[in-house]
Amino acid sequence: MSKNGIENNEPVTYCKLCLSIHIKTVEFPKNETEGDRDVHYCVPCGNTELETAHISEWEELYKEKYGENFLTKKRKNE
């Protein structure tokens, strides 16, 4: 396992709009007629359109959109 706890081959779910990986799930009681009713959403922007990719692929997308690595940005803001 890497230093930050995520393997490079481990998939992550991210928001297609803002690329955040801060995703929450609201779980609703399941019933026989409706099946799975869980809702997954991006906490920062509320978008429900999510995508899954390997962490290294997501890091590249993030860098392309924001011009810096996510971890570099986080360290600057601390």
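A salt bridge, as I use the term here, is a side-chain nitrogen of Lys or Arg within 4 Å of a carboxyl oxygen of Asp or Glu. The structure you see above holds one of them. The side chains of Glu51 and Lys16 meet in it, at 4.0 Å from N to O. This pair joins distant parts of the chain, with Glu51 in strand 4 and Lys16 in the loop between strand 1 (11-15) and strand 2, 35 residues apart. Glu51 counts as partly exposed at 33% relative accessibility, and Lys16 is also partly exposed, at 46%. By buried I mean under 20% relative accessible area, by exposed over 50%, and by partly exposed anything in between, with a 1.4 Å probe and protein chains only. In general, side chains of opposite charge can pair when their charged atoms come close.

Now the ground rules. This is a predicted model, in which local features need pLDDT of at least 70 and side-chain atom pairs count only at pLDDT 80 or more, while totals for chains, interfaces and linings use all residues. Residues are numbered from 1 along each chain as its sequence is written, and side-chain values use heavy atoms, with hydrogens and water left out.

How confident is the predictor? pLDDT is its confidence in each residue, from 0 to 100. The chain has a mean of 84, and 79% of its residues reach 70 or more. Where pLDDT is low, the predicted coordinates should not be read in detail.

On to the layout. The chain has two helices and four strands, in the order β-β-β-β-α-α along the sequence. These are DSSP runs numbered from the N terminus, with helices being H or I of at least four residues and strands E of at least two. Of the 78 residues, 15% count as buried.

Helix 1 covers residues 55-66, which is twelve residues, and reaches 16 Å from its first C-alpha to its last, close to the 16 Å expected at 1.5 Å a residue. That expected span is 1.5 Å times one less than the number of residues. Which residues of helix 1 are buried? They include Ile55, Trp58 and Tyr62. These three lie on the same side of helix 1, because they cover an arc of only 60° around the axis. The arc is taken from the directions from the helix axis to the C-beta atoms. An α-helix has 3.6 residues a turn, so residues three or four places apart point the same way. After helix 1 comes Gly67, with a positive phi near 80°.

Leu19 also has a positive phi, near 70°, and is not a glycine. Most residues other than glycine have a negative phi. Leu19 sits in the loop between strand 1 and strand 2 and is buried, at 7% relative accessibility. Its C-alpha is 9.4 Å from that of Glu59, 40 residues away along the chain.

Next, strand 2, residues 23-26. Lys24 is in this strand and is partly exposed at 43%.

Together with Phe28 and Val39, Val26 forms a nonpolar surface patch of about 200 Å² accessible area. Patches are built from residues with over 30% relative accessible area and no salt bridge, joining like charges within 9 Å and nonpolar side chains (Val, Leu, Ile, Met, Phe, Trp, Tyr) within 5 Å. The areas come from the Shrake-Rupley method with a 1.4 Å probe, and for residues only the protein chains shown count as cover.

Technical notes: pLDDT = per-residue confidence, 0-100.
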